[in-house]
Amino acid sequence: MPVYSEKVMDHFMHPRNVGEIENADGVGEVGNPVCGDMMTFYIKVKDNRLEDVKYKTFGCGAAIAVSSMVSEMAKGATIEEAQKITPESVAKMLEGLPKQKFHCSNLGAQALNKAIDDYLIKTGKLKADEGKCCPFCDHEDSENDPVCKQGCQVNSPEAKVS
Amino acid sequence: MTKVYLDHSAAAPLLPEVRQSLMPYLDTDFGNPLSLHDWGDAPRDAMEEARAQVAALIGAANPEEIIFTASGTESNNFAIKGLALAQQNKGKHIVISAIEHFSVMNSAKFMEKLGYEISEVPVDKNGLVNPQNVRKAIRPDTVLVSIMHANGEVGTIQPLAEISRITKEKKVVLHTDAVATCGTIPVNVKELGIDALSMAGNPFYGPKGSAALWVRRGVRILPLLDGGIQEGGRRAGTEDIAAIVGMGKAAQIAARDVVERGQKLTRIRDMLINGLPDKIPHVAVTGDLAKRLPGHASFCVEFIEGESMLMMLNSQGVAVSSGSSCTSRALKASHVLLAMGYNHEIAQGSLLFTMGIQNKPEDVDYVLKVMPPIVDRLREMSPVYSKFLKASKGGQ
């Protein structure tokens with residue numbers, strides 16, 4: 001059996017909504033080069049709806065398929081609906097993700113939510129008191145720290161075997 | 001669809017002659033070589049012939065110095081643990097390089113738990129160990145140095161003969177993981193001046209599950225597996241005669257063909273090593289260009305990630321490997337590339353092509369045709385690439 005479902009392969013080989021939005025209403029960036037996946041989501045909001053959703057993704061097949069699926073699920077949705085998109089619902093729509101990919105590559109919902117938060121902060125609907133979080137353990141890190149300070153298993157720079 | 005297999009470091013096909021040689025031992029000649037009755041004779045003779053063939057491939061003085069094991073990993077575990085434990089009264093310090101295979105790396109970590117100290121010798125940008133750094137790492141209590149002959153991920157061949165001059169002078173046992181080199185380039189244990197060597201059959205078209213550890217006569221090793229008297233009491237367990245016979249046959253053929261194979265593979269390897277950076281900007285060859293395994297072409301493609309390249313190449317019928325975090329089950333970027341000084345972002349773009357004897361120049365032509373559009377596509381959707389483009393525009 002192939003590692004990826006047909007649905008994942010379809011979204012990976014033919015990703016929907018790739019790109020950037022100039023003068024986006026909200027931008028959300030997650031991931032770092034240590035773990036291997038990085039995603040930037042761009043949203044355009046009109047009348048409380050995500051009129052347009054685009055993204056750029058650096059990462060594996062799963063990461064690209066996840067971004068594509070999230071963009072499809074979010075496009076046209078209300079803010080509240082889009083906020084309900086979770087890694088679990090994305091994985092379900094993709095007909096499953098390999099176990100080891102679920103945590104590392106399933107960052108799309110988080111990136112989208114960051115873009116929504118960015119929009120809400122810019123429009124004064126949310127207070128800007130959130131720090132950057134590690135995508136794996138939700139530990140808050142400083143803006144420029146590429147590695148989770150909590151030292152969570154997946155994200156630690158253990159690769160540099162000492 | 002065109003199918004091009006360029007992942008021989010993961011698995012290589014059996015040679016037809018090898019398959020033919022081992023079949024009887026899965027069938028009529030199923031006996032146990034330890035048996036005294038007639039059923040034991042044919043397997044015993046075949047096993048000893050294979051031992052001599054494997055010894056001949058590496059220029060070992062005595063076939064009895066060959067201990068058959070079940071994998072390169074087992075051979076490396078056996079060497080690190082067995083050679084160190086046999087000398088525990090002398091000292092508890094082991095020297096390895098920073099780019100060893102996990103089976104050496106993790107065996108050393110295991111020895112650390114038993115109270116041994118491990119020193120890691122660094123490598124340079126090309127993945128080369130400087131022998132003088134081995135000299136510096138050796139202490140009065142050092143009992144074992146293990147430096148791989150060639151790295152399977154970046155193809156760099158280490159200056160083992162220079163390193164062995166140092167270990168001889170310091171009277172320290174030198175082991176090498178030669179899984180990537182045995183049968184691929186000429187290997188001679190006397191010329192290399194080493195004391196122990198790990199090898200596996202599959203890289204030279206023998207069966208998987210066939211492997212060996214060579215230990216020079218006079219060097220003590222403690223068995224990993226206790227039990228019967230197989231393999232001179234050094235590796236208990238009924239021998240896998242089919243695997244052993246297959247490895248012997250493959251070794252015999254490799255000893256005959258190794259130079260010719262190497263020349264052929266080097267030619268098509270260089271087509272790829274020169275062609276890919278020529279067709280695609282921001283592609284770097286990893287590993288040493290001259291001291292390199294034939295048939296081994298490894299790269300880092302900037303701004304994109306290895307697994308997505310691998311999957312897209314697969315959709316075009318091309319099989320390759322990558323050392324990116326996503327590709328590894330451990331979700332960590334290659335420790336080899338990091339030790340060579342590549343940062344995480346670049347290491348994520350690692351791509352590895354390993355060629356075998358059935359590959360042809362047309363295979364490389366095909367890769368050079370399908371690869372540039374794949375890289376373009378992935379770069380187009382990469383946030384790292386768009387940042388790079390914006391930064392370089394801003395700089396003008």
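Trainee: What makes the meeting of the side chains of Glu20(A) and Lys390(B) a salt bridge?

Mentor: Please bear in mind that this is a predicted model. The N to O distance between the side chains of Glu20(A) and Lys390(B) is 2.8 Å. A salt bridge requires a Lys or Arg nitrogen within 4 Å of a carboxyl oxygen of Asp or Glu, so the name applies. In general, side chains of opposite charge can pair when their charged atoms come close.

Trainee: How many salt bridges are there between chain A and chain B, and how many over all chains?

Mentor: Between chain A and chain B the count is three, and a search of the whole structure finds 19. Across the interface, 11 residue pairs are also found in polar contact.

Trainee: Which elements give two or more residues to the side of chain A that touches chain B?

Mentor: They are helix 1 (6-13), strand 2 (37-46), strand 3 (49-58), helix 2 (61-74) and helix 5 (99-104) of chain A. By class, that side of chain A has 18 nonpolar, eight polar and seven charged residues.

Trainee: What is the area buried between chain A and chain B, and how many residues does each chain give to the contact?

Mentor: The buried area is about 2,800 Å², and carbon and sulfur atoms give 62% of it. Chain A supplies 33 residues and chain B supplies 32 residues.

Trainee: Why is the pairing of Arg44(B) and Asp41(B) called a salt bridge?

Mentor: Their side chains meet at 2.7 Å, N to O. The cut-off is 4 Å, and therefore the pair qualifies. Both residues lie in helix 2 of chain B, three residues apart, about one turn of the helix.

Trainee: At what angle do helix 2 and helix 8 of chain B pack, and is their crossing left-handed or right-handed?

Mentor: Helix 2 (residues 41-57) and helix 8 (residues 241-279) of chain B pack at about 35°, with axes 8 Å apart. Their crossing is left-handed. The residues of this contact comprise 13 nonpolar, three polar and one charged.

Methods:
Residues are numbered from 1 along each chain as its sequence is written. Chains are lettered from A and ligands numbered from 1 in the order in which they are written. This is a predicted model: local features need pLDDT of at least 70, side-chain atom pairs count only at pLDDT 80 or more; totals for chains, interfaces and linings use all residues. Side-chain values use heavy atoms; hydrogens and water are left out. Axes are lines fitted to C-alpha atoms, for helices over the stretch in contact, and angles run from 0 to 180 degrees between N-to-C directions. Helices (H or I, at least four residues) and strands (E, at least two) are DSSP runs, numbered from the N terminus. A crossing is left-handed if the near helix is turned anticlockwise from the far one by less than a right angle, and right-handed if clockwise. Ala, Val, Leu, Ile, Met, Phe, Trp, Tyr, Cys and Pro count as nonpolar, Asp, Glu, Lys and Arg as charged, and the others, Gly among them, as polar. Contact means heavy atoms within 4.5 Å. Buried area is the accessible area (1.4 Å probe) that two parts lose on being put together, summed over both. A polar contact is a pair of N or O atoms within 3.5 Å; within protein, one must be able to donate a hydrogen and the other to accept it, and residues adjacent in sequence count only if both atoms are side-chain atoms.
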